[in-house]
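Please open the structure in your viewer and keep the selection tool at hand.

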Amino acid sequence: MSKLNIGIILGSTRQGRLSPQVGEWVKSVADQRGDANYEIVDIADFNLPLLGEADATEQATAWNTKLSSLDGFVFIVQEYNHSITASLKNALDYAREGWGNKAAGIVSYGSVGGARAAEHLRGILGELSVADVRVHPALSIFTDFENAFAPEAVFKPADLHLVNINGMLDQVLAWSGALKTLR
């Protein structure tokens with residue numbers, strides 16, 4: 001059986017965002033496992049305008065094509081005002097078929113580990129027929145980042161997160177493989 005393709009989706013588009021650092025860390029841990037093909041999928045690269053406000057046929061087609069090529073997802077989610085970013089919600093809304101019958105893990109960060117954003121994302125994923133897995137690495141903006149509120153912020157995760165990252169990836173792969181039979 002060929003390896004599954006798992007997209008690590010960066011859930012923010014703002015300047016100075018920390019999600020690329022977190023996403024690269026997750027990818028480096030995942031790549032060491034050698035059990036799937038992992039890739040960073042940056043929603044900023046797709047230049048999706050607000051849904052319904054402009055003709056975005058080209059961007060939406062590229063976005064849906066990318067999602068359709070993936071068997072599962074890991075969302076890098078930062079908490080903004082107790083929820084996910086507007087750009088992530090917009091990207092989720094731009095696709096329907098590309099999400100369905102796939103699995104997703106969530107890695108969140110924020111003042112309470114991004115837990116409130118992760119919970120909002122779980123509800124949205126359910127509506128899109130995405131099975132989110134139970135293990136949820138939650139990173140603290142206070143202890144897992146240096147200078148978190150400055151432009152030179154650096155992600156420095158505690159080693160204890162490796163257990164949860166690997167546990168989440170185990171579940172994403174198991175569920176993604178099982179759900180592939182439905183597509």
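Which residue in β2 is the bridge partner of I8? The bridge partner of I8 in β2 is I40.

Before continuing, please note that this is a predicted model, in which local features need pLDDT of at least 70 and side-chain atom pairs count only at pLDDT 80 or more, while totals for chains, interfaces and linings use all residues. Residues are numbered from 1 along each chain as its sequence is written, and side-chain values use heavy atoms, with hydrogens and water left out.

**First stop: strand β1**

Select residues 5-10, which form strand β1. Helices (H or I, at least four residues) and strands (E, at least two) are DSSP runs, numbered from the N terminus. Five of the six residues of β1 are buried, so this strand is largely enclosed by the rest of the structure. Buried means under 20% relative accessible area, exposed over 50%, and partly exposed in between (1.4 Å probe, protein chains only).

Two strands pair if DSSP finds at least two bridges between them. Within this pair, L10 stands opposite D42 of β2. To pass from β1 to β2, the chain goes through helix α1 (residues 19-33), and this β-α-β crossover is right-handed. Right-handed means that, with the strands pointing away from the viewer, the path from the first strand over the helix to the second runs clockwise.

In β3, I8 has V74 as its bridge partner.

**Second stop: helices α3 and α4**

Select residues 86-93 (α3) and 115-127 (α4), whose axes come within 11 Å and cross at roughly 10 degrees. The two helices are therefore roughly parallel to each other, a term for angles under 35 degrees. Show the side chains of L88, K89 and L92 in α3, and of L121, I124 and L125 in α4, which make the contact. Contact means heavy atoms within 4.5 Å.

Select N64, which lies in helix α2 (residues 57-68). Its relative accessibility is 19%, so N64 counts as buried. Leaving aside neighbours within four places in sequence, N64 is in contact with Y94, A95, R96 and G98.

Methods. Axes fitted to C-alpha atoms, helices over the stretch in contact; angles between N-to-C directions. Parallel < 35°, antiparallel > 145°, perpendicular 65-115°, else oblique.
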